[in-house]
Amino acid sequence: MKHALLAAATIALLSTASAHAETVALVGGNIVDLAGKAPLHDAVVLIDGERITAIGPAASTPVPAGATVVPMHGKWLIPGLMNMHVHLALNLPGAARIHNETPDSMALRTLDNARKSLWSGVTTIRLTGSDAGVDFTVKKAIDAGMFDGPRIHTAGSSIVATGGHGKTEVDGPAAFAKAVREQVKRGATWIKIGISGGISDTHGDIGASPFTDDELKTAIEVAHRNGVKVTGHTGSPIASDAAIDAGIDCFEHGYFLTPTVLGKMKARGVWYVPTIVVSQSGARAFYAKIGSPDWYLARVDSVGKAHFRSLRDAISAGVSIALGTDQYPWEPNEGTTATIREAELYVDAGMTAAQALRAATIEPARMLGVDKEVGQLKPGYYADIVAVDADPARDIRALRTIGFVMKGGKTIRNDASVPSGAKIDR
Ligand SMILES: [Zn+2]
């Protein structure tokens, strides 16, 4: 017993000592105010292990002896970006190179895209439809520290009525209940249902509402009874209206959101994840790269204008918006990444820069229910931190200058420490 106590005391001493050795201090940067107010200049951010322990002016925030100091002079610090609509093993019409992909190769592609996403500044993602359970496998590997990647919230496989826009096809309330329970059992913390057709479907009408009311209500009730929220892929005002009545929590894309639907979303607190990049001109290069067929490109064009109008109307209606892209978070788009281009398009559609920055940080954290852990730079929060060259709460294009990424206290990327001439190609 005495020995055990002594051992415990020794371990306590050792862990105190190592905790000091692990302190990281980001020194001299500006902390961006997410509400667009005055930033905190010449700041010190102290990080112990995975979390922020202190943030304050350099004058009154001493850096502990032995801390690893990372100079941040001239940089602007924001929370890690969050992308709420991601498929890390995206497979669209034309993507010939990944035909007949096995779950093994899909898992590797998922992991590769997870690492690239984190490197691009995205520290939390929500997966809105993955296949063969690779999302759960990769999430576990990242959470265990085997690989670097964003924090993952996943909906598992997307559930639809037979012929719908999604992977797991079921029919009737009982089958929907079972499908939801199966995803939750595997580790899903969201449920994704495809309540209407999609741009890439080759059958049916995107404006139709194929679920019965019983199917919608049962899927949502069972998810809620498991403490899991439900999001719906929608391109149909009729399906959206029915899903709001059934208690849905969130909509993806909303290619055609009507004033009636937007009014109900606002009144019931239904979230909107626009994925506006998929239907705008910046996605052209991506579609060309994967060899999208002409019919697909024509549909994207025809939907693009209505989609942008939906976004603009949702912003002016005051609907809660969380950023999501439906492209890889790091995918090149108009000279930046899909995630950053998405935020820029929110400003084009009527948000202030600070609002767009919140849609990429604090708002997704609220939507996921993790707003006491991530989405802000505050003591006690995970040290998920990105640095840029100017204040993105004043000009959202400052996000194009990301040069530093930290997740949970671990520096993933620091361009300032890369020897001149060295090239990082991710
Ligand atoms: Zn999607």
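**Entry 1: a helix on the inside**

I started with helix H10 (residues 338-348): 9 of its 11 residues are buried, so it is largely enclosed by the rest of the structure. "Buried" means that 20 or more other C-beta atoms lie within 10 Å of a residue's own; 12 or fewer makes it exposed, in between is partly exposed, and the C-beta atoms are placed from the backbone. Helices (H or I, at least four residues) and strands (E, at least two) are DSSP runs, numbered from the N terminus.

I noted that this is a predicted model, where local features need pLDDT of at least 70, side-chain atom pairs count only at pLDDT 80 or more, and totals for chains, interfaces and linings use all residues. Residues are numbered from 1 along each chain as its sequence is written.

Which residues of H10 are buried? I listed Ala338, Thr339, Ile340, Arg341, Glu342, Ala343, Glu344, Leu345 and Tyr346. They pack against S6, S7, strand S15 (332-333), strand S16 (336-337) and helix H11 (353-359); contact means C-beta atoms, placed from the backbone, within 7 Å. After H10 comes Gly350, with a positive phi near 125°.

**Entry 2: the sheet**

Strands count as paired if DSSP finds at least two bridges between them. I got 4 bridges for the parallel pair S6 and S7, and Met82 has Thr124 in S7 as its bridge partner.

**Entry 3: two helix pairs**

How do H2 and H3 cross? For helix H2 (residues 103-119) and helix H3 (residues 134-143), the axes come within 9 Å and cross at roughly 50°. Axes are lines fitted to C-alpha atoms, for helices over the stretch in contact, and angles run from 0 to 180 degrees between N-to-C directions. H2 and H3 are therefore oblique to each other; under 35 degrees counts as roughly parallel, over 145 as roughly antiparallel, 65 to 115 as roughly perpendicular, and the rest as oblique. Their crossing is right-handed. The contact includes Met106 and Leu111 of H2 and Val138 and Ile142 of H3.

Next, helix H6 (residues 237-245) and helix H7 (residues 259-268) pack at about 25°, axes 10 Å apart, and are therefore roughly parallel to each other. Pro237, Ser240, Asp241 and Ile244 in H6 meet Thr260, Val261, Lys264, Met265 and Arg268 in H7. I sorted this contact into 4 nonpolar, 2 polar and 3 charged residues. Nonpolar covers Ala, Val, Leu, Ile, Met, Phe, Trp, Tyr, Cys and Pro, charged covers Asp, Glu, Lys and Arg, and polar is the others, Gly among them.

Ala132 has a positive phi, near 60°, and lies in the loop between strand S7 (122-127) and H3. Is Ala132 buried, exposed or partly exposed? Ala132 is partly exposed, with 17 other C-beta atoms within 10 Å. Thr275 has a positive phi of about 50°, in the loop between strand S14 (271-273) and helix H8 (284-290). Thr275 is buried, with 26 other C-beta atoms within 10 Å.

Technical notes: A crossing is left-handed if the near helix is turned anticlockwise from the far one by less than a right angle, and right-handed if clockwise. Two residues are in contact if their C-beta atoms, placed from the backbone, lie within 7 Å.
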